[in-house]
Amino acid sequence: MTGLGGVRLGVDFGTSNTVAVVADGDGRVRPLLFGASPLLPSAVFAGPDGVLTGSDAERAGLGAPAGLELNPKRRIDDGTVWLGEEEHAVADLIAAVLGRVGDEAARVGGGTLAEVVLTHPAGWAARRLGVLASAAERAGLGPVRLLPEPVAAAAYYVDVLGEELAPGRCLLVYDLGAGTFDVAVVRRTDDGFAVVSADGLGDVGGLDIDAAVVEHARRAGGSGEAWGRLDWPQTADDLRARHLLWQDARAAKEQLTRRPGAEVRVPLVEAAAHLSREEFEALVRPLLERTVAWTVRVLREARVPREQVAGVFLVGGSSRIPLVATLLHRALRIAPTALDHPELVVAEGSLHAPAALRTPAVPAGVAATEALTGVAATEAPAGAAATEALAGAAATEAPAERPAAVAVTAAGAETEDAGPQWPADVTAEPGTGTGGATPAAGELAHAVQPGKTPKAAAGPAVLAALAVLLVVVAVLVAVLPDRDQTPEDRTSERLVGELKLGASPQDMAFSLDDKKLVVAVGETAELWDVAGRQRIGQPFTGHGGGTYGGRVNAVAFSPDGDTFATASQDGTVRLWSMRTNAQVGQPLVNRPDINPNDDWRYSVEFNAGGTRLLSAGLRGTAVWEVASRARITRVDGGPWDATFNAAGDRIATGDEASLATMWLVPGGGQFGRAFAGHSRASNVSSNVFAVTFNRDGTLLATAGGDGTVRLWDVASQTQSGEPIAVREAEDVAFTADGQYLATAGAEGARLWRVSDHQPVLGPLDSSEGYGAEKLAFSHDGRVLAVAQSGGFHVFLWDVSAV
């Protein structure tokens with residue numbers, strides 16, 4: 001299948017899912033899609049009609065589970081597997097998955113593949129690599145090149161993200177996939193990358209997190225006969241019900257990375273269990289803490305000092321859970337780099353790794369040690385049996401579910417004073433070793449001793465001519481307008497800044513002079529210089545200590561130019577001074593008669609004069625006088641958001657019953673009837689997540705869980721115009737003049753004309769499809785700050801010339 005021309009193919013064959021990307025001749029890289037998804041389930045099904053793969057295999061297995069193997073990668077040491085009525089070689093099962101990928105790549109590339117790179121765990125030695133290479137040959141991929149997964153991730157970090165990794169410095173690759181957890185330390189060399197140490201946990205992954213979600217649903221929905229059928233299905237209907245349950249648990253897990261709540265529907269029980277993000281984090285924290293402890297263990301045993309670690313890179317689909325970055329940041333004191341689609345990193349990175357690191361798949365007639373060092377220059381005929389060439393290689397490997405530890409270090413005993421000073425408060429669990437032998441150094445020589453990349457043969461004159469041509473083209477591109485480009489096509493030109501955070505931002509607000517931005521990050525508030533894109537001083541700390549921690553959910557600046565407020569899930573609202581860098585007075589509490597941990601605060605806002613402060617939360621919305629700190633109003637409205645009108649004598653709240661309600665301040669009496677219009681199809685869609693008035697208080701905007709944003713005429717309390725469709729709407733904000741409305745949702749931020757509800761700008765999204773969660777306009781109306789949904793960035797957009 002490989003040959004001259006065509007596309008280059010990179011494949012990440014995973015325990016639960018397989019991901020592949022192709023690169024065209026012009027260098028354009030894109031993921032292969034399987035049924036509109038870049039994730040191909042690695043499952044195989046053997047039946048009377050042959051071997052099925054992907055979701056086809058999963059569906060077939062519902063009716064005949066004996067023929068289904070969900071995780072063929074975990075069976076790589078077994079040689080053969082009994083499926084249905086026949087015994088199948090594991091290499092054939094893996095070949096079926098790789099063949100499906102190859103066929104799709106060939107279709108996209110016009111029939112030929114110029115190169116195929118296949119990644120593998122860093123701890124795999126000769127025998128497993130032989131099975132993988134043999135499977136690739138049986139799949140018709142021809143001579144493939146093998147590459148350790150963390151090396152592919154490091155290549156992505158450097159070449160795609162453009163992050164600096166100087167020779168001699170290391171990158172920590174934290175890979176939390178669906179089936180396993182792997183961590184590796186990769187050092188940059190003069191010629192490429194070297195795996196210094198690698199280890200993993202075979203019993204921690206996305207599937208284990210899904211199991212925790214299912215267990216939560218069980219506790220919420222009882223343990224009767226229906227759960228017995230879900231646990232031990234004996235009929236096709238019960239199998240389908242179990243499949244739907246776990247599918248919904250996975251969807252809820254993914255939704256909770258960007259939303260405050262989700263539902264898990266339980267078939268047969270015919271009920272739905274609600275799961276908040278806080279409950280979810282409490283469920284998965286023990287699992288994630290194990291991965292963090294294992295990460296620290298690997299760093300310590302590799303004897304890599306902190307000053308040599310240039311970055312921490314999160315890959316694998318489950319690494320997008322915000323708590324992952326939070327725990328790693330606390331343990332390592334290094335802010336991790338996280339992406340919107342971490343499951344694509346290894347496959348795409350494999351095409352960026354130096355060619356010398358992509359070793360031939362052990363061609364026939366070449367000694368195994370020669371092939372594994374990357375020295376051999378010839379490749380195998382398509383029909384060569386790689387396993388024969390690997391005969392005699394070291395056969396002792398760790399179980400497939402738990403990668404063997406790899407530590408390439410100088411020989412000799414370790415000394416106490418030579419080790420790096422990693423945190424002592426995070427330790428690996430006793431008795432959780434990998435249980436497998438460490439592969440010999442020679443088995444990893446392809447990663448540790450890369451060959452040299454051939455240098456270009458072009459002469460000086462040719463290079464000079466090309467340089468001149470490139471300069472001319474660049475100038476023409478810069479000065480000539482693109483007549484076919486629309487305003488939406490040029491949204492990327494409006495990105496004027498990016499703040500890289502150590503955890504997911506929950507909210508942000510501009511100071512009165514627009515020179516500073518306060519951002520809610522974890523249990524702290526961080527102050528950033530807008531022009532310099534740099535954090536100012538240390539984070540403001542004080543929240544926390546509750547049963548569920550003290551994540552700061554909202555921030556707001558006072559018009560006095562010095563004070564800002566924070567609202568936390570610890571149930572308190574706190575005031576802070578930029579001048580003194582300290583908390584001002586005691587925390588404000590909505591309900592002194594209850595435990596503050598039961599009254600999470602979700603929003604905070606000053607009125608126009610800065611004399612009053614409100615906060616919405618689980619136990620209603622409170623309004624305080626700032627000077628006296630006296631609570632003057634408390635209403636049952638909320639919990640998600642609340643906002644002052646222009647005069648400060650009324651507030652509007654976003655409620656859980658598809659309603660927005662106005663209330664009098666002080667007093668707390670309801671003003672008029674509720675604004676009803678958002679649908680109530682489920683617990684999530686019945687929430688009104690955000691409310692805001694325009695500057696003169698004549699219009700109210702609401703963002704609902706039903707995927708719509710609605711405008712309301714305050715005087716008549718009726719809806720103004722048709723709803724604006726915003727998938728997974730999270731936030732809304734008016735421009736200062738009230739002519740435009742910004743919305744945040746799954747497709748990023750957009751600007752809409754208020755007069756006719758038509759889009760005028762967007763989507764503003766530099767997060768590769770991860771969407772937007774919070775918005776904040778600068779006071780001069782020139783900049784819109786957008787918090788990435790579930791990510792670790794705040795993007796600053798120029799909206800001055802809409």
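This is a predicted model: local features need pLDDT of at least 70, side-chain atom pairs count only at pLDDT 80 or more; totals for chains, interfaces and linings use all residues.
Local features need pLDDT of at least 70 and side-chain atom pairs count only at pLDDT 80 or more, while totals for chains, interfaces and linings use all residues. Residues are numbered from 1 along each chain as its sequence is written, and side-chain values use heavy atoms, with hydrogens and water left out.

**View 1. Thr-18 in strand β2.** Strand β2 covers residues 17–23 and includes Thr-18 (strands are DSSP E runs of at least two residues, helices H or I runs of at least four, numbered from the N terminus). Thr-18 is buried, because its relative accessibility is 0% (buried is under 20%, exposed over 50%, partly exposed in between, with a 1.4 Å probe and protein chains only). Its side chain makes a polar contact of 2.9 Å with the side chain of Ser-42 (N or O atoms within 3.5 Å, one able to donate a hydrogen and the other to accept it; residues adjacent in sequence count only if both atoms are side-chain atoms).

**View 2. Leu-39 beside Thr-18.** Leu-39 lies in the loop between β3 (29–31) and β4 (40–41). With a relative accessible area of 29%, Leu-39 is partly exposed. The C-alpha atoms of Leu-39 and Thr-18 are separated by 5.9 Å, though the two are 21 residues apart along the chain.

**View 3. Helices α8 and α9.** The axes of α8 (residues 277–302) and α9 (residues 322–332) come within 9 Å and cross at roughly 40° (axes are lines fitted to C-alpha atoms over the stretch in contact, and angles run from 0 to 180 degrees between N-to-C directions). Therefore α8 is oblique to α9 (under 35 degrees is roughly parallel, over 145 roughly antiparallel, 65 to 115 roughly perpendicular, the rest oblique).
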